[in-house]
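User: I would like a close look at a single part of this model, with the answer given as one connected account. Please keep to what the atoms themselves show.

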Amino acid sequence: MIIAVDGPAAAGKGTLARALAQHYNYHFLDTGALYRMVGLGVVSAGGDPRDAAAALKAAESLRPDKVNDADLRSEAVGEAASIVAVNPEVRSALLGFQRAFARKEPGAVLDGRDIGTVVCPDAEAKIFVTASAEVRARRRLAEIAERSAAPAFDVVLAEIKARDARDSSRAHAPLIPASDAYVLDSSDLSREEALAKAIAYVETRRPR
Ligand code: CDP
Ligand code: CDP
């Protein structure tokens with residue numbers, strides 16, 4: 001079984017997808033980390049994420065087993081990721097790995113932007129997690145404050161909105177719910193409440 005979890009930045013996709021994978025004992029893939037690795041690869045080599053050739057080179061030399069989580073989490077790397085993610089050649093270079101992962105037995109949970117629409121359109125369960133931009137900015141700010149000095153709320157909100165705009169308006173695999181996705185608005189939900197709703201939905205989609 002494949003569970004696709006998509007949605008905008010800081011909606012709670014990763015938290016929910018990890019919890020679902022644990023609940024069902026499935027494999028878990030954070031596909032945003034792949035785009036973040038490409039963005040980080042370009043920037044740390046002194047390149048510009050808008051440079052299509054540099055981004056493609058980073059995507060083709062990607063070693064998904066070499067994820068170093070801490071380096072990938074900054075908002076600057078998130079922004080570089082969303083810039084390289086506009087490039088269709090970068091997207092197709094990452095497709096094979098994601099699709100092969102999704103076929104792992106007994107099941108897999110993938111989180112990203114286009115899992116239910118492009119990577120795994122045949123996924124049995126598709127969840128589109130969302131929350132208001134203000135709630136998402138507050139969540140991201142709390143995460144940053146745990147690691148370092150917190151920036152102003154307005155700065156984080158502006159970054160979230162800029163990333164939403166870039167992810168939603170791109171021509172290839174834009175951020176939109178699949179027509180058959182279950183839309184889960186987590187604005188007023190705790191992690192536990194969001195998980196309970198997601199499990200209730202997945203149960204209706206499980207092969208019997
Ligand atoms: O993966 P994505 O960027 O969508 O979000 P995340 O990193 O999973 O979650 C962002 C933050 O929101 C985390 O600190 C979560 O603990 C928190 N959160 C959540 O994930 N779900 C809720 N219903 C409430 C808060
Ligand atoms: O955790 P957060 O939601 O902030 O971002 P992420 O899931 O780590 O993704 C970083 C960026 O990669 C996004 O803003 C997207 O532009 C891109 N991405 C994508 O295009 N397709 C995916 N399946 C996953 C991420």
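Which residues surround ligand 1, and which of them are the closest?

Analyst: The model is a predicted one. In it, ligand 1 is surrounded by 13 residues, and the closest are Lys13, Gly14, Thr15, Leu189 and Arg191. By class, this shell holds 5 charged, 4 polar and 4 nonpolar residues. Two helices, α1 (13-24) and α8 (133-147), each contribute at least two residues to the shell.

Oxygen atoms of the ligand take part in several polar contacts. Arg191 places an N or O atom of its side chain 2.8 Å from an oxygen atom of ligand 1. For Glu143, a polar side-chain atom lies 3.1 Å from an oxygen atom of the ligand. Ala11 contributes through its backbone, where a polar atom is 3.1 Å from an oxygen atom of ligand 1. Taken on its own, ligand 1 has 530 Å² of accessible area, and the protein covers 82% of this.

The space that ligand 1 takes is the largest pocket. This pocket contains about 1000 Å³ of space. Its lining comprises 42 residues, of which Ala10, Lys13, Gly14, Thr15 and Arg140 are the closest to the pocket centre.

Helix α1 gives the largest share of the pocket lining, with 6 residues. Several other elements each supply at least two residues to this lining, among them the strands β2 (27-30) and β3 (108-112) and the helices α2 (31-44), α5 (75-84), α8, α9 (153-169) and α10 (191-205). Divided by class, the pocket lining has 18 charged, 14 nonpolar and 10 polar residues.

Strand β4 (125-130) and helix α7 (115-119) each supply at least two residues of the cavity lining, and the largest share, 3 residues, comes from β4.

To return to the ligand, helices α1 and α8 each supply at least two residues to the shell around ligand 1 and at least two to the lining of the largest pocket.

How values were computed: Residues are numbered from 1 along each chain as its sequence is written. Chains are lettered from A and ligands numbered from 1 in the order in which they are written. This is a predicted model: local features need pLDDT of at least 70, side-chain atom pairs count only at pLDDT 80 or more; totals for chains, interfaces and linings use all residues. Side-chain values use heavy atoms; hydrogens and water are left out. A residue is near a molecule or strand if one of its heavy atoms lies within 4 Å of it. A polar contact is a pair of N or O atoms within 3.5 Å; within protein, one must be able to donate a hydrogen and the other to accept it, and residues adjacent in sequence count only if both atoms are side-chain atoms. Accessible areas come from the Shrake-Rupley method with a 1.4 Å probe; for residues, only the protein chains shown count as cover. On a 1 Å grid over the protein atoms alone, a cavity is a set of points where a 1.4 Å probe fits but cannot get out, and a pocket is an open set with protein on both sides within 12 Å along at least five of seven lines; lining residues have an atom within 4 Å of a point. A molecule sits in a cavity or pocket if more than half of its atoms lie within 2 Å of its grid points. Helices (H or I, at least four residues) and strands (E, at least two) are DSSP runs, numbered from the N terminus. Ala, Val, Leu, Ile, Met, Phe, Trp, Tyr, Cys and Pro count as nonpolar, Asp, Glu, Lys and Arg as charged, and the others, Gly among them, as polar. Grid points are joined across faces, edges and corners, and a volume is the space filled by probe spheres set on the points.
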